[in-house]
Amino acid sequence: MNRIYTLCVWLLAVGMAFATAALDLPRRMLGTQIDLMTPLVIAAALAADRRTMIGVAVAGGLSMDTLSATPLGLSVPPLAAVGLLAHRQLPLMLPDQKAVQWLLGLAGGLLAPTLSLLSAQGWAYFSGSTDPLAAPSAAAAIEWGWIEAVEDRELPLTAGWVLWRHVPFMAVGSAFLTPLMYGLLRRLGRAIEYPLVKPPYYRPDREMKRGRM
Amino acid sequence: MLKRPFVAALIAIAVLAAGLWNLPLWFSSPAKSILGAGFVPLFGLDHAGRELADAAGNALTPRSALVQERDQLRRENQTLRVLVQEASDLRIENERLRAQAGFAARAPWKLRPAQVIGRDPSNWWRTLHIDAGATDGVRVNCPVLTPQGLVGRVSQVHAQRSVVRMVGDPECRVSALIQETREATGILIPTDELSDRGGLATLTFLSRHAALKAGQQVITSGQGGVYPKGILVGRIVDWRLADQGLYQEARIQLAVRQHQLEEVWVILP
């Protein structure tokens with residue numbers, strides 16, 4: 001991995017954070033914004049070295065937090081943890097296989113938002129904050145489907161299912177986007193990096209000596 | 001242990017995270033502003049791209065559709081002119097009666113239109129980025145609305161852009177009352193949302209004796225000093241007794257479709 005490639009991937013992470021903020025088509029259609037950063041981190045874990053991958057998590061996480069109401073730095077550890085776990089298992093996997101990328105994207109897409117939510121709530125709890133995702137909303141988030149009959153009207157089961165309902169959508173989105181991100185990083189690598197020098201087919205010990213019979 | 005790169009990387013990330021989380025507000029808020037300034041050219045590019053796409057779309061719109069829309073807008077304009085005449089009469093009457101009663105005159109709103117240029121990339125918050133900032137006179141806590149109703153309030157102001165927290169965000173609490181009865185005042189807090197019909201919020205701490213009905217309009221109460229009184233927030237969907245019958249809480253269908261906002265109005269101080 002050369003430095004230009006690493007720098008390009010980090011800039012791509014910043015661009016992906018901006019795209020998540022600027023493109024609201026998925027949110028209009030599904031009611032949930034699709035996470036672009038988790039598939040990029042997993043793709044970087046599969047296609048790049050550890051330094052590049054951690055840089056993606058840090059640059060992408062900080063960019064997301066800058067554009068979001070999330071406290072600065074809160075998105076970095078979940079992304080880095082997911083990337084490190086994927087990168088650690090790399091020798092045991094076939095990263096070029098689409099199924100592997102899909103499954104890793106699904107698992108990462110479940111794990112990263114869950115860690116983000118839990119760390120946001122933990123941060124709010126330990127910092128004594130009463131606002132960001134704290135007491136009322138956090139309690140409501142964990143409280144799955146309270147239901148109570150009021151004058152023959154029942155609140156639907158979806159009530160109280162506030163934040164966690166986004167996680168399955170994000171996981172499926174991440175599963176489908178990870179192979180695309182992996183392909184993108186591979187193409188970027190081929191465009192920027194020096195091509196591999198193949199071993200020459202000419203071998204002097206196999207040369208047929210021609211002479212007079 | 002530190003010879004193992006995986007563990008070393010995990011520890012480094014944990015230390016970095018602990019350092020970032022413990023940043024004081026006086027440091028983290030300007031740091032966010034400085035980092036956010038790097039995205040201003042990208043927002044500009046995005047805006048220019050959208051305008052170009054709109055212009056291309058306008059060029060392709062058939063003339064018959066444009067004429068039809070013009071006629072519809074003319075009719076709407078005439079209806080609104082009549083309503084404005086009625087409203088101006090009511091305003092004059094209201095001012096006269098307020099003067100007779102010794103009440104202070106209501107200051108007219110100073111409105112500034114703004115375009116929505118981005119949304120919160122995470123799903124945990126309901127915030128918007130708008131293209132009006134400190135140079136346009138926007139300040140923190142300025143109310144933001146549309147002709148349909150209340151959107152929220154400005155929470156961060158940068159030079160050229162601002163961040164708006166919408167109703168239903170954990171950090172945007174609104175004091176509101178039922179328009180019909182005028183007796184029940186409560187606080188709007190987040191709740192689940194209906195993706196197809198717009199958002200929902202919960203109006204809580206309503207009196208247990210308040211007569212609630214589905215469809216009643218909810219407006220801002222003016223208490224708290226952030227939002228002027230009388231801005232439409234939404235309508236009651238259903239309600240229940242909460243906290244062992246101490247008070248009531250109602251789910252409110254918000255008047256504004258938050259997913260489809262493109263333009264908003266900021267009330268300047």
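Trainee: In this predicted model, how many bridges join strand 6 of chain B to strand 7 of chain B?
Mentor: Strand 7 covers residues 185–190 of chain B, and strand 6 and strand 7 run antiparallel. In this pairing, B:Ala176 has B:Gly186 in strand 7 as its bridge partner. The bridges that join strand 6 to strand 7 number four.

Trainee: Which residue in the turn between strand 6 and strand 7 of chain B has a positive phi?
Mentor: The two strands of chain B form a hairpin, and six residues lie between them. In that turn, a positive phi of about 65 degrees belongs to B:Arg182.

Trainee: Which residue of strand 9 in chain B is the bridge partner of B:Ile178?
Mentor: Strand 6 of chain B also pairs with strand 9, residues 217–220 of chain B, in the antiparallel sense and over three bridges. Within strand 9, the bridge partner of B:Ile178 is B:Val218.

Trainee: How many of the five residues of strand 6 (residues 174–178) in chain B are buried?
Mentor: A residue is buried if 20 or more other C-beta atoms lie within 10 Å of its own C-beta atom. Strand 6 of chain B is mostly covered, and of its five residues the number buried is four.

Trainee: In what order do the six strands of chain B close into a barrel?
Mentor: Strands of a sheet pair through backbone hydrogen bonds, either parallel or antiparallel. In the barrel of chain B the pairing is antiparallel, and the order of the six strands is 6-7-8-11-10-9.

Trainee: By how many degrees are neighbouring strands of this sheet turned against each other on average?
Mentor: The figure is an average over neighbouring strands of the sheet, and the direction of the strands is ignored.

Trainee: Which residue is the bridge partner of B:Leu241 in strand 11 of chain B?
Mentor: Strand 10, residues 232–242 of chain B, and strand 11, residues 247–254 of chain B, run antiparallel and are joined by eight bridges. In strand 11, the residue that partners B:Leu241 is B:Gln248.

Trainee: How many residues of helix 3 in chain B are buried?
Mentor: Helix 3 covers residues 40–60 of chain B, and its 21 residues reach 30 Å from the first C-alpha to the last, close to the 30 Å expected at 1.5 Å a residue. B:Gly44 has its place in this helix, and B:Gly44 is partly exposed because 13 other C-beta atoms lie within 10 Å, a count between the limits for exposed (12 or fewer) and buried (20 or more). Helix 3 lies largely in the open, because the number of its 21 residues that are buried is one.

Trainee: What is the count of buried residues in helix 4 of chain B?
Mentor: Helix 4 has 39 residues, 63–101 of chain B, and reaches 55 Å from its first C-alpha to its last, close to the 57 Å expected. It is followed by B:Gly102, whose phi is positive, near 85 degrees. Helix 4 is hardly covered, and the count of its buried residues is zero.

Trainee: What radius of gyration does chain B have?
Mentor: The C-alpha trace of chain B spans about 80 × 60 × 40 Å along its principal axes. A compact globule of 269 residues would have a radius of gyration near 18 Å, but the value for chain B is 23 Å.

Trainee: Turning to chain A, is A:Ala86 buried or exposed?
Mentor: A:Ala86 lies in helix 5, residues 76–88 of chain A. Leaving aside residues up to four places away in sequence, A:Ala86 touches A:Ile42, A:Ala45, A:Leu46, A:Leu104 and A:Gly108. Because A:Ala86 has 25 C-beta neighbours inside 10 Å, it counts as buried.

Trainee: How many residues are in the largest nonpolar core?
Mentor: Among the members that touch the most other members are A:Val41 and B:Val233. Not counting residues up to four places away in sequence, A:Val41 touches several residues, including A:Met53, A:Leu79 and A:Val82. The number of residues in this largest nonpolar core is 96.

Methods. Residues are numbered from 1 along each chain as its sequence is written. Chains are lettered from A and ligands numbered from 1 in the order in which they are written. This is a predicted model: local features need pLDDT of at least 70, side-chain atom pairs count only at pLDDT 80 or more; totals for chains, interfaces and linings use all residues. Two strands pair if DSSP finds at least two bridges between them. Axes are lines fitted to C-alpha atoms, for helices over the stretch in contact, and angles run from 0 to 180 degrees between N-to-C directions. Two residues are in contact if their C-beta atoms, placed from the backbone, lie within 7 Å. A nonpolar core is a set of buried Ala, Val, Leu, Ile, Met, Phe, Trp, Tyr and Cys residues joined through C-beta atoms within 7 Å. The radius of gyration is taken over C-alpha atoms; the globule rule is 2.2 Å times the number of residues to the power 0.38. The expected span of a helix is 1.5 Å times one less than its number of residues.
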